[in-house]
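Hello,

Here is the structure we talked about, with the sequence alongside. My notes follow below it.

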Amino acid sequence: MNPSEAPSTVPPPRKARRIPGWAVGALGVAGAVVLLSTTSYLTDVPQLTSTGTIQTAVRLALPILLAALGGLWAERAGVVNIGLEGMMIMGTWGAAWAGYQWGPWAALVAAAVFGALGGLLHAIATVTFGVNHIVSGVAINLLGAGLTKYLSTLIFFPLSNNPRESPAVPKFDTYSASGLSDWLGELEAQQRVGLSDVAGILRGLVTGVSPLTMLAILLVIGSYLVLWRTRFGLRLRSCGENPVAAESLGVNVYWYKYVAVIGSGALAGIGGAALVLNPGQPGYLEGQTNGRGFIGLAAMIFGNWRPGGLLGGAALFGYADGLQLRSGGKTFLALIYGAVLLLVVIVIWQLVRRRWFAAAFGILAAGLLYAVYYSVDEVPSELTTYAPHLVTLIVLAVASQRLRMPAADGVVYRRG
Amino acid sequence: MGILRGKLLPPVLAILFSALLCGIALVVSGANPLQAFGVMFAQVGEGTTAVDIINSTGTYYIAALAVAIGFQMNLFNIGVEGQYRVAAVVAAVVGGSIALPPGIHALVIILTAAVAGALWAAIPAILKVTRGVNEVISTIMMNGLALGLAAYLIGADVFGELRGNNIRTPEIPESGWVPGIPFGSSGTVFGLVFLAALLGIGYWVMMNRTRFGFELRASGESSTAAAAGGVNAKKMVLIAMLLSGGIAGLVSMPEILGRDHTYNLNFPAGIGFSGIAIALLGRNHPGGIAFGALLWAFLDKSGLALDNVGVPREIVTIMQGAIVLSVVVAYEVVRRFELAAQQRQVGRQLGTVDAA
């Protein structure tokens, strides 16, 4: 974020990637499934890959995913968006307000509009007035929280007799691939090693799917296509990498930044709607977002400012959340066991590559985690809630040299 | 004139603009803004409001000082929020489990809080200087972890105890309390409000009269020039962050040692973020911060009266948010205006531009 921290030398050109991005993603998914089913087999905790866990995980991952996507749009255009949390809060209010009157689709639209208003404010402050991005984001978080509290006291209180809660909001109908789902259910019930795990995960993904989930997936794919495969996206990203060069080539940097940040707010707002429209929730609730905007930001960083990566980050954080919510701290412990397994694989890989220091560090971390697994009966729920924060810190500490954020991210740009 | 325009005009404009904005919001929602503001001012004389404002000012002042130290060198300590929470729990637990003579006991608790806050801030600081991790992201994550850690530590089977519907740490014995100044029925001013004032003086001296303060400001003005002048950037980051965290650790001390004597579930949240807003409003100047803290405390405590006239008191939160955003915009606009004026003046003196 500080321009002086940017490396002054041009890094040597990287070797051409041998494996395409989608293949890396597929390998990652396959690896995650193998890891989960192995852990589930070794620790005898079938909930790790049960349909219910996966369904809950998907529901909880959605808000994180959408917030992360919002962060991606803003940061690719060079605007750091700490205000995601505030925009998300505004989205929750908008969703509840329109939702209880006109149904879930109206809720989505209103949430996007309210989030976009927050984005517009951020864009005016950071792009037009050149205010520091962090400062503006913090202000928007304060403002978003205050505004929704005020509005909910004013409008929801007479309806629900509770200033902190909205009337119940109708939810989306969910869809299941019924034949497939039943067949997978039978397979899962057989409790065969590996096969049943895969069946459980797949069944969780195809049963009770909300249109919101499909929309979110479409938005991820759409964001990738727009940002990386169109002229508009190239120009938008050029504003985040080198706005001066972009301007010299005739790109209207201010306009692109405005579009990106407003879109970012709209996505964060839809993320808020995903919370309100979650079947487990009655509607708007004060403090409902509970820092999920920040976790979205974390998922984006975890995903190295790439759509596929942030999908992985959101899935991981949503999964940890869902596991805890569904089956408590005991099964969460199995996840720690899984982390140990993962570390063992990493250590072997580092040994093969003769990177002794990294391997030694990995062994130490694995030993520590195993000690935790061995000595604790149950992870306290107070701590599991914040697992995403810890994972993000660790990823930042270990891989911060490999993460590459847009070069001019957070730098105030002034035309002239 | 220059000082007046550059330093005082923006906050005044921002506050007026925010008041206007909130006034419009009130009119739209069917309330009388003049009545609302009138009620707020009248509230200061009622009950314990005046004393509450002073106490709250002290708390906000410490939080804003903690933020300001980082801001002086463009270091964004978003983590004050987590630092003061962790410090409060640790200090409350330590204070409740040791027995020392009066005075020393309180001193030990205060020092514990400062050390705990500094240690919590040390993690992002070390990550920044050794691994280049951006402090904004890491401190945000540390805030989340602080919430979890605090909730875990006061659990009934760890250090906490259940009292009715509330979970709290064991009460600090009377030897650890800091007496306040009683004003009868108007309440009691916390003794440690004076700690806030002392910290403010110390902050001013450090910034303006010590080499460290100079280097800190130099790093903020231009990190490259400071490096060329022999300032060790990493060391500055580390020290500034530790100092900031240490002061952040003291944020809740007036309340805990003056009134609550324990950390419980009703512990106030969000003071760290308010501190950021106040430091921005006061431009990192100890006097400006004092004014900002007073304004924040006034809005908080007098806003309670708004419920009596049928206005949701959350309007003051909107006002606070609007003030922060408009004050930073106002500073920027005035800065640009002055820059342009300076350029015109230079142009006139050089004779390249016709006098307007």
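**Confidence first**

Chain A has a mean pLDDT of 86, and 95% of its residues reach 70 or more. Keep in mind that this is a predicted model. Within chain A, confidence is highest in helix α11 (residues 253–276), at a mean of 96, and lowest in helix α15 (residues 381–384), at 75. Residues 1–8 of chain A have a pLDDT below 50. That stretch has 11 contacts in the model beyond near neighbours in sequence.

**Where the chains meet**

The contact takes 39 residues from chain A and 40 residues from chain B. On the chain B side, α5 (104–131), α6 (135–153), α9 (223–228), α12 (271–281) and α14 (315–350) each supply at least two residues.

**The nonpolar core**

The largest nonpolar core has 234 residues. Its largest share, 17 residues, comes from helix α13 (residues 307–352) of chain A. Which residues touch the most other members of the core? They are Ala63(B) and Ala64(B). Leaving aside neighbours within four places in sequence, Ala64(B) is in contact with Gly275(B), Ile278(B), Ala279(B), Gly282(B), Ile289(B), Gly292(B) and Ala293(B).

Helix α4 (residues 80–97) of chain B has 18 residues. From first C-alpha to last, α4(B) reaches 26 Å, close to the 26 Å expected at 1.5 Å a residue. Of its 18 residues, 17 are buried, so α4(B) is mostly covered.

Helix α10 (residues 233–249) of chain B has 17 residues, which should span 24 Å at 1.5 Å a residue. The end C-alpha atoms of α10(B) are 24 Å apart, which agrees. α10(B) is mostly covered too, with 12 of its 17 residues buried. Among the buried residues are Met236(B), Val237(B) and the run from Ala240(B), Met241(B) and Leu242(B) to Gly249(B). What covers the buried residues of α10(B) includes α3 (49–72), α4, α5, α7 and α8 (211–221) of chain B.

**Ala196(B)**

Ala196(B) sits in helix α7 (residues 193–209) of chain B. Is Ala196(B) buried or exposed? It is buried, because 26 other C-beta atoms lie within 10 Å. Beyond its neighbours within four places in sequence, Ala196(B) is in contact with Gly58(B), Tyr61(B) and Ile62(B). Ala196(B) and Leu111(B) are 85 residues apart in sequence and 15 Å apart in space, C-alpha to C-alpha.

**What the record says**

An unreviewed UniProt entry lists "transmembrane region" for several stretches of chain B, including residues 60–77 and 106–127. In the model, residues 60–77 of chain B are 72% helix and 0% strand, with end C-alpha atoms 15 Å apart. Residues 106–127 of chain B are 100% helix and 0% strand, with end C-alpha atoms 32 Å apart.

Trp305(A) has a phi near 60°, a positive value in a residue other than glycine. Trp305(A) is in the loop between α12 (292–302) and α13 of chain A. Trp305(A) is buried, because 20 other C-beta atoms lie within 10 Å.

Arg354(A) has a phi near 55°, again a positive value in a residue other than glycine. Arg354(A) lies in the loop between α13 and α14 (356–375) of chain A. With 8 other C-beta atoms within 10 Å, Arg354(A) is exposed.

Best wishes

Definitions and conventions: Residues numbered from 1 in each chain as written. Chains lettered and ligands numbered in written order. Predicted model: local features only at pLDDT ≥ 70, side-chain atom pairs only at ≥ 80, totals over all residues. Contact = placed C-beta atoms within 7 Å. Helix = DSSP H or I, 4+ residues; strand = E, 2+ residues; numbered from the N terminus. Expected span 1.5 Å × (residues − 1). pLDDT = per-residue confidence, 0-100. Core = buried A, V, L, I, M, F, W, Y, C linked by C-beta atoms within 7 Å. UniProt positions renumbered as here; feature names shortened; annotations may be inferred.
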